[in-house]
Amino acid sequence: MNGMENFGWDRLRHGGLLLDTPRLNQIAAYIPKPLSNYTEQKLRRQVTALFEESGDVSAFVAFVLEEVCGFLPGSGSWRRGNQVGAEWTRRAVTGEAVKPRQLWRGLSGGLLPVFFDSEKRIGIGRGRKAVSQVLQWLRAGTERLAVITNGRQWRLLFAGLDFDAWCEWDADLWFEEGTLSPQVLALRTLLSPSLWSQAEPGAASPLLQAIQDSRKGQAELSAVLGERVREAVEILVQAHGEVLKERCSGVSPADI
């Protein structure tokens with residue numbers, strides 16, 4: 001069983017290349033211990049309340065990140081709402097002020113910015129605006145990873161200089177046949193303090209490093225494939241040399 005099957009990666013929605021197979025196998029080493037029955041039942045009640053629109057989205061997000069994913073006080077500190085200072089405000093191209101609604105900082109470094117969206121679907125229709133603003137916020141600073149959620153959907157975003165990639169969870173799919181679905185394990189694996197904390201100041205977190213290595217591997221693969229295509233075309237042209245001389249005598253070798 002490979003890494004993506006181990007922690008439910010294949011059960012998520014994806015856009016772009018976030019993690020390749022070698023890096024997924026590395027991430028699988030961070031799979032957390034199972035949730036306690038108490039926390040599982042509490043999550044079930046909170047999800048039900050959210051769907052019945054009787055739950056508070058901000059409190060639900062805080063519960064999921066702290067008690068389900070493990071971002072407890074011992075791993076770092078949270079700032080929420082007005083506690084997130086003005087120094088985290090950045091301007092979108094439209095001039096609007098954008099800043100996280102919740103912000104976690106690891107004890108040894110590392111940062112998890114959490115943005116909220118009130119639209120029913122993240123990244124679709126009017127929901128594209130909030131995603132665009134988060135990407136602009138990331139590119140305006142040194143951060144590259146953030147989470148955006150409306151409570152029901154949770155999207156992990158990576159902002160490169162000229163591309164972006166993401167994976168997304170849907171709380172509607174967190175329980176299947178009365179038990180926790182693989183989506184919850186994927187959430188708890190990818191959104192865990194150990195993957196977001198820096199081993200030393202200035203270093204990339206394990207998750208960010210894995211994503212950057214995936215992109216580097218993809219670039220190297222593209223370069224190798226490009227060279228192989230060139231070599232294949234060269235062999236093809238050489239193999240048809242006599243035919244080309246006969247039938248394309250009016251075409252210059254450079255054009256061929």
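1. The side chains of glutamate 119 and arginine 126 form a salt bridge, with N and O 3.6 Å apart; the term denotes a side-chain nitrogen of Lys or Arg within 4 Å of a carboxyl oxygen of Asp or Glu. Glutamate 119 is partly exposed at 23% relative accessible area, whereas arginine 126 is exposed at 68%. Here buried means under 20% relative accessible area, exposed over 50%, and partly exposed in between (1.4 Å probe, protein chains only).

2. The model is predicted: local features need pLDDT of at least 70 and side-chain atom pairs count only at pLDDT 80 or more, while totals for chains, interfaces and linings use all residues. Residues are numbered from 1 along each chain as its sequence is written, and side-chain values use heavy atoms, with hydrogens and water left out.

3. The whole structure holds 15 salt bridges. One of them joins glutamate 143 and arginine 90 at 2.8 Å, N to O. This pair links distant parts of the chain, 53 residues apart: glutamate 143 is in the loop between helix H5 (127–139) and strand E7 (145–149), and arginine 90 is in strand E3 (residues 90–91). Helices (H or I, at least four residues) and strands (E, at least two) are DSSP runs numbered from the N terminus. Glutamate 143 is buried at 15% relative accessibility, and arginine 90 is buried at 16%.

4. Aspartate 172 pairs with arginine 152 in a salt bridge whose closest N and O atoms are 3.2 Å apart. Aspartate 172 lies in the loop between strand E9 (164–170) and strand E10 (175–176), and arginine 152 in the loop between E7 and strand E8 (153–159), so the pair ties together parts 20 residues apart in sequence. Aspartate 172 is partly exposed at 39%, as is arginine 152 at 28%. Shared partners also join Arg13, Arg121, Arg155, Glu168 and Asp170 into one network of salt bridges.

5. The largest nonpolar core has 47 residues, and Val64 and Trp174 are among those touching the most other members. Such a core is a set of buried Ala, Val, Leu, Ile, Met, Phe, Trp, Tyr and Cys residues joined through side-chain atoms within 4.5 Å. Helix H4 (residues 57–68) supplies the largest share of this core, six residues. Leaving aside neighbours within four places in sequence, valine 64 is in contact (heavy atoms within 4.5 Å) with Leu43, Cys69, Trp154, Trp174 and Leu187. A second, separate core has 19 residues, including Val98 and Leu103.
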